[in-house]
Structures are given as structure tokens and as C-alpha cells.
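Here is my note on the model, as numbered points. Please read it with the structure open.

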Amino acid sequence: MEIYLFRFANKSYKCAVYLRSLMKMKKLCFLSLIFLITSISELSAQLDNSGLFYDLRNMDSSQVGDLNLEIYGLAFNKNNEYYEKTVTGYTLFGHLFRPEFSYHLHNDFYVKVGIITRKDFGNNDFTLTQPTFLIRYDYKKFKFLFGTIRGPLEHNYVEPLYDFERIVSDNPENGLQVLFNSKYFDADGWISWNRTIYDRSPFREEFNGGASGRVNMVNNESYKLSIPLQWVVTHLGGQIDDDPQPARTVYNLGSGLDAFAKTGRGFINSLRFQGYFLTFNSLESTELIIPPFKDGYGYYLNLTVNSHMGSVMLSYWNGDEFSAWNGGALYQSTSQNWREPFALQNKREIIILRFLNDIKLKNNLRILPRMEPNYNIRDNKWGLSFGLYVRFQEYFKLLNIKPGNN
């Protein structure tokens, strides 16, 4: 085959390079598929990020007075091989560690305090060392959180709106959150304060917020049909800062259809289709804003096949002047590459083939391998992202101290 390509290159060098790239990509896809199929595991029912979530425990009267030690750990390795003007490759390799003490003052109220650290391999210093604090109150089907809220992946946004890598780069989130869950409707309303300002601060204050949820039209063991609703907003501004840049408010909306069906006890045990229509809007009218688009939109379609050996998802993205302040780099029409800050691709079409697995070694220990080749249709560019994640979360009851009657 190499001899054939060499001869063919004498006539058309570009075609030969393209074929070599295609062969390499097919080989990588094949190897990744073999890697995932040979993993023996108990799989989650659907393709999602729940295996990486920071779980909130259910509370009841038996826990009143309990002082617990809660430990969450995530080891991550994500390598992006991208070769486009607007998107560049890089590697995330390290771990997050989050030990916390929680005390249950009532059957529906507790406080939690601890620390979260991020250590990147190859860096002798900690990238992040930050205290955590949470006040949580449950009322019927509501949960109210003040402090270190549950996010970023736990908001359940699609990647064009909220980047998967925020679990590393923007973890934790601090602010306010209201969670609601019922059989036919669930919702997550939240605000995360990212940067505060004081008199004459040389930068603008910044916060994210939004709401995500779904209306469950059909919700049984064999079939699920729901309408997802997603909204996220970012604001940069303030009245007491000394930053000459104008205030900026951008937001994204999304909705669509999410259908899931079990297929039986064969090799393929379930199928899932997710289709979204997403929009981008900027409240500013000035032409000096970056990115230069005032609004845009995109279509995001996903078909997932779940089997006993693994899950495969085929994704298609079609965006027109789409931008999301916190969204994944692959989906943006604006440049995410600091070497080409003004590069644009107004219309962007991407196909992504994802191979994922969720290996449950124990109830509290999981390994999640991922392989995601992608293809930019308009630029004729291949890219590849692969990752490996090890997640651990456990609770240890230390002692019981009953609160006072007052």
C-alpha cells in the first residue's frame, strides 16, 4: 500500500497525504474500538458523564448528628490532537483531590467544609488550592445549595454550550443553586461567581449562570422520551472596576428531543437519539465586541448505540456564526487558538465518532476510557481526542454528635 501511495503521490501529492491521514485515522479508530471492546465492565445504561459526577448523598433522620469525612478524587488524562486555525491541541494530565467534613444538623440540613486541589503532572506547584464550603437544605423535591455548588458537568449541558473540560479547568463552581427533581420534570438553576471586583480593580467582574432541565414525556424502564431545556449566560462588567473594556453579556439557549429505547437482550441493548437546536445571542450592539457575531445558531445531532461491550456515539454539528462563552472549542465559529486570535469559521460542520466506556470496579471506583476522532467537513481536517479518567468517591462516618435542642 505504501508503494501505491508513493506512485500516486507523483501525480497528486495532496491526495496521497490525505489518504495516508485517512488510513492513520482508520487505524486509530480500529485500535480504540478493540481497546474498548476488550474492556470487561458493567456499563451504565446511557452514554453520559454521570460516572464523573460529584454525588450528593440523600439525607434522612438517621444521619442527624453524623460527622462524616467525604473524599472525592479524579485522575485525568485528556489529549487533544487538533490541527485547525481556530482549534489547537494540548494535553491535560493530573488529578483533582477533594476531602471534606460534613455535619448533619437536621434530617434535611447539613454544612460541609474542606479543600480542593488540582495537581498537573509536570508542574511542581499546585495549579489550584481552594477551600470549599457548602450549606445545603432540602425541602420536599427541592435542594438549595449555597457555597460550593454542584457542577460543572452536573448541570448536564451539551458540549457546545458547556465544555466537558470544565471539570478540570473550572472546578469547583461557587455560588447559589436550586435543584428540583420529580418523575416528569427536573431542573437545575444556578449562578457561579467567577471573579469579584473592588474599587479600581483592573478587570471586570465575571459570573456564569443559567438553568437546565427536561420535561419527561415518557418515563419507564423500556422507553424514555423527554424535551431538554438549556440556558446559560455569562456577564462581564461592573461599576467600580478600572477596566476600559465595555460590559459584555452573552447567552445561549437550547432545546430539542431526547429518545431512549431498550432493544432486548442481544448484543445491542439500547439506542438513544438526541437532537438539539442551539442559539447564541449577545446583548451588545457595538461592532468592537469580540467575538464579532451578535447572534448565531447550530444543530447538534447524536445517535448512541449501547451494548454489553461498550457505547458508540455518532455526533454531527452544524453551526452558523455560533459562539458559546463556556462551550467546547470544536463547536465555536470563533478562534480558540491564541496564535490565531482573529481566525473565524462562520459556518462549521463537524462529525465526531465517540467510543466510551464506564468500568465499575467497585461502587465507589470507576475507570472511564474515551476515544473521539473528529472530522471538519468544510476544512477537510481530521482531529483526535482521547482520555482516561479514574474517579473515586467515598464517605466515612467518624462519630455522632447530637445537636442541641436550641
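1. Tyr297 has a relative accessible area of 32%, so it counts as partly exposed. Strand 12 spans residues 295–307, and Tyr297 pairs across to Phe277 in strand 11, 20 residues apart. Keep in mind throughout that this is a predicted model.

2. How are the rings of Phe277 and Tyr297 set against each other? Their centres lie 6.1 Å apart and their planes make 35 degrees, so the pair is tilted. The link joins distant parts of the chain. Phe277 has a relative accessible area of 37%, so this residue is partly exposed.

3. A pair of aromatic rings is described by the distance of the centres and the angle of the planes. The count comes to 20 aromatic pairs. One of them is Phe164 with Tyr389, at 5.6 Å centre to centre and 75 degrees between the planes. That geometry is edge-to-face. Phe164 sits in the loop between strand 5 (142–148) and helix 3, while Tyr389 belongs to strand 17, so the pair ties together parts 225 residues apart in sequence. Are Phe164 and Tyr389 buried or exposed? Both are buried.

4. There is also an aromatic cluster. Its members are Tyr137, Phe142, Phe144, Phe180 and Phe185, linked by ring pairs.

5. Next, the overall build. The protein chain has 3 helices and 17 strands. Of its 406 residues, 47% count as buried. Take the contacts between residues at least 6 apart in sequence: 61% of them join residues at least 24 apart.

6. Strand 17 covers residues 381–400 and contains Leu388. With a relative accessible area of 40%, Leu388 falls between the cut-offs of 20% and 50%, so Leu388 is partly exposed. What does Leu388 touch beyond its neighbours within four places in sequence? The contacts are Ala75, Phe76, Asn77, Ile367, Leu368 and Pro369. Look at Asn77 in particular. Leu388 and Asn77 are 311 residues apart in sequence, yet their C-alpha atoms are 5.2 Å apart.

7. Now the nonpolar cores. The largest has 22 residues. Leu161, Leu278, Tyr300, Trp317 and Phe322 have the most contacts inside this core. Strand 11 (268–282) and strand 14 each give two or more residues to this core. Which of the elements gives the most? Strand 11 does, with 3 residues. A second, separate core has 14 residues, including Tyr72, Leu96, Leu153 and Ile167.

8. Setting aside neighbours within four places in sequence, Trp317 is in contact with Pro160, Leu278, Gly298, Tyr299, Tyr300, Phe322, Tyr331, Arg348, Glu349 and Ile350. Among these partners, Leu278, Tyr300 and Phe322 are also listed with Trp317 as having the most contacts inside the largest core.

9. Cavities come next. How many of 30 Å³ or more does a search of the whole structure find? The search finds 4. The largest cavity holds about 190 Å³ of space. Its lining has 17 residues, and Lys78, Tyr82, Glu159, Asp163 and Leu330 lie nearest the centre. By class, the lining divides into 7 nonpolar, 4 polar and 6 charged residues. Strand 1 (66–83), strand 14 (347–356) and strand 16 (365–376) each supply at least two of the lining residues. Strand 1 gives the most, with 3 residues.

10. Last, an open site. The second largest pocket has a volume of about 710 Å³. The elements that give two or more residues to its lining are strand 2 (88–106), helix 3 (166–169) and strand 8 (205–219). The largest share, 3 residues, comes from strand 2. In total 30 residues line this pocket, and Ala324, Trp325, Gly327, Ser335 and Gln336 lie nearest its centre. What is the class make-up of the lining? It has 14 nonpolar, 11 polar and 5 charged residues.

Key. Residues numbered from 1 in each chain as written. Predicted model: local features only at pLDDT ≥ 70, side-chain atom pairs only at ≥ 80, totals over all residues. Heavy atoms only, no water. 1 Å grid on protein atoms, 1.4 Å probe; cavity = no way out; pocket = protein on both sides within 12 Å on 5 of 7 lines; lining within 4 Å. Points joined across faces, edges and corners; volume = space filled by probe spheres on them. Helix = DSSP H or I, 4+ residues; strand = E, 2+ residues; numbered from the N terminus. Nonpolar A, V, L, I, M, F, W, Y, C, P; charged D, E, K, R; others polar. Core = buried A, V, L, I, M, F, W, Y, C linked by side-chain atoms within 4.5 Å. Buried < 20%, exposed > 50% of the residue type's maximum accessible area, 1.4 Å probe, protein only. Contact = heavy atoms within 4.5 Å. Phe/Tyr/Trp six-rings, centres within 6.5 Å; stacked < 30°, edge-to-face > 60°.
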